[in-house]
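Here are my notes on the structure shown below. Please keep it open and follow along point by point.

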Amino acid sequence: MLDGRTILKLNDDVILKSVNNSFRALNVNDGNQYRLNLVSFKMLENADGKRNIDDIVNELTKIFDVEKTTLKDDILLFYSEALQKKIIFLVEIDENN
Amino acid sequence: MENKQNKRNSANEFYFQWHFLNYCNLRCSHCYQGDYNFFELPFEKLIEIANKIIEALNKWNMFGRISLTGGEPFMSKSLFALLDYLDKQDRICSIHILTNGTLIDDEICKKLLKYNKLDEIQVSLDGGTQHVHDATRGEGNFDKAIDGIRLLKKYNFKVSSMFTITNKNKNDIFNFISLAIKENIDYISLERVTPCGHSANEDIISSDEIHRIYEQINLEAEKLSNEIAIRRTRPLWANLSKNSFDNKVGGFCPVGFTCLAILCDGTLLPCRRLEIPIGNIFTDGIFKTWYSSKILWDIRDKNNLKGKCHNCKNISKCGGCRAVAFALTNDYLAEDPQCWMEEQF
Ligand SMILES: C[S@@+](CC[C@H](N)C(=O)[O-])C[C@H]1O[C@@H](n2cnc3c(N)ncnc32)[C@H](O)[C@@H]1O
Ligand code: SF4
Ligand code: SF4
């Protein structure tokens, strides 16, 4: 289960591209391509393997005019789908550190 | 590309120009190819390439049009085995062979008859008369090419012909069109030479002259439309289309969108004439190249086009030839140096 503390990282095989207001995630290894909108594009762009989901929600509410709680619900849903499709991966945190 | 249709239509087709060998029996003066040392991959490697093409088509839910070319494809020892393989693939919808025509005989024609997807054979003619053609392609090769075309027509193949316009043959265009009609050639194309590779020093024809030549060809195409189809869908032709609904004349170049060229060692180019390697099909694969090449992404965004092309009203039906731009200016985003349109602001 994902929560606000989860850290995610974009798959190294996935390239994010935006051209003429069309947004895509492209997997150079298996060839899969996914059409995105600006919000989901930004969600993936922010999955940098360092910041957790709460940090990213804070960041994105600065750009998009949306309630934090709504954005958090959306991002959790989108990230779990993206995880299943192997567009992003979970970053394990060493709890002892 | 996330096309969900399962039936073939022009929107879900991808074109591969596959130069699967570089060996050739001729040495045409305008040819971009510089190296004719025999190079043809072993058959298993050719099948590996074919499978990569099919994998990409499957993933994209697209259908492939493949032109098999070289070098001279009829010098290949693998041509027929490769055709056997490609013809059976559901994802391949059309196969063309591009040839100089000089090696075609009855036996070859009979063997070719069995391929259902082989729907066009293009024989190059660089003159409408023997001496003009042979000045580019070498003595005796006009007669051989015409014999080849006649044989192909005897066996009812659809035959097209490509005339590459150079300073050597620009005054022979009407003869070429008449010849094509006389020989019952189904489609012809006349396109300017790209001074790239081995032909980098080829004299380039000025934009005024190209304008005059294209206008004459366009008039002939309209006048002779019941006798022969003259293809005019590459860059610059849009300048001559009568109105924006005229979809016979003009077309945005598919480079970066729906085509790739594959060289005999697996090198991938955006187009055979835009000689900037963007990957290798064996080491990088099609997906990595197609998704990550900076050059392809630069070209995909029409806003990046420079000079006259940037604000041009015809951009959606032209975009200029990126290969000619690169060959002449070293910038693949530059305006097409042979375009005669006035700059628009
Ligand atoms: C390279 S040939 C290969 C097939 C075959 N050997 C033939 O001559 O048709 C394919 C086509 O490319 C054309 N071509 C070669 N060099 C060119 C160049 N520098 N610019 C434009 N077209 C060129 C040829 O005239 C021919 O029509
Ligand atoms: S244009 Fe074709 S026939 Fe002529 S040298 Fe090049 S590959 Fe050979
Ligand atoms: S300016 Fe560029 S896009 Fe416009 S017609 Fe000329 S080559 Fe084509």
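**Notes on the sheet, the cores and a ligand**

1. Start with one pair of residues: Ile188(B) has Ile230(B) of β7(B) as its bridge partner. Strands β6(B) and β7(B) run parallel and are joined by 3 bridges. Two strands count as paired if DSSP finds at least two bridges between them. Strands here are DSSP runs (E, at least two residues), and helices are runs of H or I of at least four residues, numbered from the N terminus.

2. A word on the source: this is a predicted model, where local features need pLDDT of at least 70, side-chain atom pairs count only at pLDDT 80 or more, and totals for chains, interfaces and linings use all residues. Residues are numbered from 1 along each chain as its sequence is written, chains are lettered from A and ligands numbered from 1 in the order in which they are written, and side-chain values use heavy atoms, leaving out hydrogens and water.

3. Now the whole sheet. In chain B, 10 strands form an open, mixed sheet, ordered β7-β6-β5-β4-β3-β2-β1-β8-β9-β10. β7 (229-231) and β10 (279-280) of chain B are the edges; each has a single partner strand, so one side of each lacks a neighbour in the sheet.

4. Next, β5(B). Strand β5 (residues 159-165) of chain B has 7 of its 7 residues buried, meaning under 20% relative accessible area (1.4 Å probe, protein chains only). In a regular strand the side chains alternate between the two faces of the sheet. Val159(B), Ser161(B), Phe163(B) and Ile165(B) point one way from β5(B), while Ser160(B), Met162(B) and Thr164(B) point the other way.

5. What are the partners of β5(B)? Strand β4 (residues 118-124) of chain B pairs with β5(B) in the parallel sense over 4 bridges. Strand β6 (residues 187-192) of chain B also pairs with β5(B) in the parallel sense, over 6 bridges. Thr164(B) stands opposite Glu191(B) in β6(B).

6. Turn to the nonpolar cores (buried Ala, Val, Leu, Ile, Met, Phe, Trp, Tyr and Cys residues joined through side-chain atoms within 4.5 Å). The largest has 102 residues; Trp18(B), Ile53(B), Leu68(B) and Leu112(B) touch the most other members. Helix α1 (residues 43-60) of chain B gives the largest share, 9 residues. A second, separate core has 25 residues, including Val14(A) and Tyr79(A).

7. Last, ligand 2. Among the residues surrounding ligand 2 are Cys24(B), Cys28(B), Cys31(B) and Arg137(B), each with a heavy atom within 4 Å.

Conventions:
Buried < 20%, exposed > 50% of the residue type's maximum accessible area, 1.4 Å probe, protein only.
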